[in-house]
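The following note sets out points for a colleague who wishes to examine this structure. It takes the packing, the charged pairs and the sheet in turn.

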Amino acid sequence: MQQAHFQTYGGGVPAGSHSAPVGRKKAWTFIQEKMSYDTFFTMKRLIERSRRPDEVLRWLTQNPAKISHNHYPVALQRIGQLLQGSHASQTARDMKTSGAASSSDGRQILEQQDFQTLCLAIVQDCAKFDNFSIVNCLYAVATLGLPGDSQVVQVLEAESKSRLDQFNQKDLSMVFSSIMKLHPLTQHPLTEACLSGLERNLERECHPQTLFLLLSYYKFKWRALQDPPDSAGGDATCTSTQSPELLTINRKILRLVKHILASVPAVRDQELILLDEMLAACVSEASNKSLESIFSSQIFYQNRQERFISSLAGELPRKLDVITPFTVALIAKYVARHRLRETRLLDAIADFVVKRAEALDSKVIQKLVFPFSRMSYHPANHKQFFSRLEEVVDLKALSSPLATVNILMSLFQLGHVPGPVLPRVFCPTFISNVTNSPYALIARRYLSLLDAAVSLEYPEYTGPRLHDDHKVVMFDHILTADEINRKYSYKGLVSEALRQLLGEQNFMQDQILEPGYHTDFLLMLDGSGRVLPLHRCSTLPKPPDDIISITSDFQNFDPFSSLEDGGGVESFSQGPPRSGIDGGPLVFGPYYATPSEFYSGLVKENSMESQDSSLSSTTSENHSSSAPAGPSEPAPQESLLQFSINNILEDEGAEPRPSAPGAAEQLELDSRPSDSRHIRRVVLSVNDKWHYCHNSDVLVGSRAMRDRHLRLLGYLILQLPYQDLEKLNGIEEVKMYLQQKILDIPS
């Protein structure tokens with residue numbers, strides 16, 4: 001019965017007919033079979049438009065005289081697409097039971113009599129197929145998940161092996177992919193036969209699936225060549241014990257990885273993991289040219305490859321003599337972007353700088369130094385490292401002024417004050433060179449921050465300083481990393497918790513404090529631990545003579561203008577805070593927005609957790625010209641903000657006292673208890689994941705320097721790490737957490 005059914009199933013193939021020559025490109029065989037053009041493509045369209053697998057089989061069985069060999073791969077592929085779509089839809093409906101139901105439906109289709117007859121027809125007429133039908137039928141049965149020992153698979157594999165020398169690059173790619181699916185993690189004879197053809201023309205292969213399947217096969221062979229201790233997790237990058245076969249496979253892996261990074265436009269997460277593992281395996285064979293190619297790849301640059309960087313850290317010291325400064329700069333840029341605090345790698349870069357500093361351009365040196373400040377890491381040879389950098393800055397200060405400023409900024413972030421070279425940077429010649437350059441605004445921002453850092457961390461310095469006419473506000477906007485990752489931040493949650501806990505009048509958000517540091521939240525506490533309300537005046541009172549602010553943005557608000565008469569908010573156990581003066585709502589200046597308004601208009605963007613610079617800010621060209629100065633304090637138009645850190649720090653005692661914009665020093669507290677005279681300014685710092693080095697509790701350099709300077713100005717920094725916040729469930733737990741944090745502040 002089955003045989004009779006089969007004879008009518010293949011009725012479209014007349015006896016004695018021959019397929020198209022196998023050496024040619026794909027050609028439809030309906031011409032040799034005396035089948036009309038319309039008949040062939042009508043059946044092909046009907047098969048491709050079928051909505052159920054049984055409908056595909058019904059078109060084949062009910063129209064035997066209109067079926068050609070070339071309809072077989074079309075039918076198999078359509079069945080596979082329908083089964084895959086059915087599995088996806090059932091998964092969406094029921095995550096618990098859909099997998100079993102989908103696999104059951106697939107088995108039912110594969111076990112149907114019509115499908116078995118289709119497979120038998122392929123087995124009987126396989127020798128008559130052209131190359132296109134052979135390759136696509138093999139690929140389709142592999143996609144359907146037929147077992148590798150089934151008859152139709154074995155026949156198609158045998159026919160493919162006999163025609164390998166006739167296959168083109170695409171055919172070889174499809175056969176290799178099919179065998180890898182049918183026989184995973186095995187060295188199949190057909191796989192090895194396809195491998196030689198693929199390796200000869202590897203640079204012509206552009207299909208991502210084939211490339212990653214080939215990389216998976218290399219991974220299988222690489223693991224088979226490892227010694228048991230190494231395969232269990234040891235370091236396999238040591239070249240002293242590698243066999244010739246392992247060296248060969250490492251070179252093949254390196255060649256393939258370089259080709260993937262250069263030709264594949266996008267990769268998935270599991271493919272990134274495979275790339276990372278294989279890069280780590282072949283790092284010992286990577287030359288300077290290979291490393292340059294890898295680190296120049298956009299796919300590699302955008303994704304964090306930790307295993308490869310860890311393996312490179314062990315290999316880089318042995319390669320420093322043959323690696324160019326450009327390649328080392330690419331490596332430094334990569335680890336800084338992804339905040340990879342790999343100390344061995346950073347120590348190797350420091351050795352490179354110490355050995356070759358004199359021959360390096362200052363623009364290259366700034367790139368090599370940046371990851372140290374980014375990760376707040378002092379290399380093992382930090383004394384030689386810092387001394388060498390000071391020599392280079394002193395020698396090459398005018399060759400690239402912006403690079404010189406960046407190097408000094410990195411040194412200050414590391415807590416090292418380069419005292420001997422400061423006169424070179426603040427001298428009139430250098431300042432004139434910078435202010436007349438195309439990058440004058442960014443250079444003036446950094447110079448202003450350097451001048452403030454000198455006042456705070458190097459008060460004994462008596463050399464030239466930055467003139468007030470050149471000082472500008474450093475960070476008048478939120479930093480780029482915080483702006484892009486805003487939707488991933490815990491800042492909105494903390495803002496809402498503070499609003500419910502304290503009331504909007506008792507804290508400030510997103511304030512810029514002199515000398516230009518952006519803060520998350522600002523509180524004021526008296527000596528008894530009460531949170532004091534912050535009143536915002538509609539007009540800015542005249543500041544003291546020693547603190548001058550002329551930015552238009554600063555004319556509309558004053559973080560510490562005055563306190564409400566009558567004391568602050570009682571402790572948490574004594575009831576909710578009062579809403580404002582006389583119980584009425586507080587009037588805020590145009591600069592301030594409530595947390596709900598602030599977060600409601602945010603634009604969602606793609607996450608870019610890793611940033612090229614931890615000090616970059618979103619600055620428009622409009623800021624190159626100043627805002628109009630107030631009538632009481634005229635100022636030059638080039639300046640955005642003028643301040644004097646020395647005056648801020650002046651006090652009758654040696655210890656610096658806190659200061660902030662506005663009339664904070666004119667608080668009238670005589671009518672309050674004596675302990676309320678001791679006002680403490682508290683900065684709540686929400687430290688999100690991108691504020692730390694990757695997988696570390698070390699803050700990035702810019703964040704650490706900001707906290708250090710604010711402490712020197714008298715502010716109390718209350719850290720809110722994301723590790724604590726991510727453990728909290730709901731707003732109530734966040735409120736309890738913040739309440740305890742504030743109560744724990746020492747009096």
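1. The largest nonpolar core has 157 residues, and within this core L215, F295 and F308 touch the most other members. The coordinates come from a predicted model, and this should be kept in mind for every point below.

2. Setting aside neighbours within four places in sequence, F295 is in contact with F300, F308, I309, L312, L330, I331 and Y334. Another core, of 22 residues, lies apart from the largest one; its members include F507, L684, V686 and I745.

3. The structure holds 26 salt bridges. One of them joins the side chains of E199 and K252, with an N to O distance of 3.4 Å. This pair links distant parts of the chain, 53 residues apart: E199 belongs to helix α10 (residues 189–200), and K252 belongs to helix α13 (residues 244–263). How do the two partners compare in exposure, buried or partly exposed? E199 counts as buried because its relative accessibility is 17%, under the 20% limit. K252, at 28% relative accessibility, counts as partly exposed.

4. E315 is buried, with a relative accessibility of 4%, whereas R318 is exposed, with a relative accessible area of 60%.

5. R388 and E391 also form a salt bridge, their closest N and O atoms being 3.0 Å apart. Because they are three residues apart in helix α21 (residues 382–396), about one helical turn separates them. Here the arginine R388 is buried, at 18% relative accessible area, while E391 is partly exposed, at 41%.

6. Charged side chains are also joined beyond simple pairs. D451, R465, D468 and K471 are linked in a network of salt bridges.

7. Which strands form the open sheet, and in what order? The sheet has four strands in the order β1-β4-β7-β8, with mixed pairing. Because β1 (508–509) and β8 (716–721) each have a single partner strand, they stand at the edges, and one side of each is left without a neighbour in the sheet.

8. The pairing of β1 with strand β4 (residues 521–525) is antiparallel and extends over two bridges. Within this pairing, M508 has L522 in β4 as its bridge partner.

9. Two helices lie across strands of this sheet. Helix α27 (residues 491–502) lies across β1, β4, β7 (680–687) and β8, and runs at about 30 degrees to β4. Helix α32 (residues 730–743) lies across β4 and β8, and runs at about 150 degrees to β8.

10. Finally, Y517 is placed in strand β3 (residues 517–518). Y517 is buried, with a relative accessible area of 3%. Its side chain makes a polar contact with the side chain of H709, at 2.7 Å. The C-alpha atoms of Y517 and R706 are separated by 6.7 Å, although these two residues are 189 residues apart along the chain.

Terms used. Residues numbered from 1 in each chain as written. Predicted model: local features only at pLDDT ≥ 70, side-chain atom pairs only at ≥ 80, totals over all residues. Heavy atoms only, no water. Core = buried A, V, L, I, M, F, W, Y, C linked by side-chain atoms within 4.5 Å. Buried < 20%, exposed > 50% of the residue type's maximum accessible area, 1.4 Å probe, protein only. Contact = heavy atoms within 4.5 Å. Salt bridge = Lys/Arg side-chain N within 4 Å of Asp/Glu carboxyl O. Polar contact = N/O pair within 3.5 Å; in protein donor to acceptor, adjacent residues only side chain to side chain. Pairing = 2+ DSSP bridges. Axes fitted to C-alpha atoms, helices over the stretch in contact; angles between N-to-C directions.
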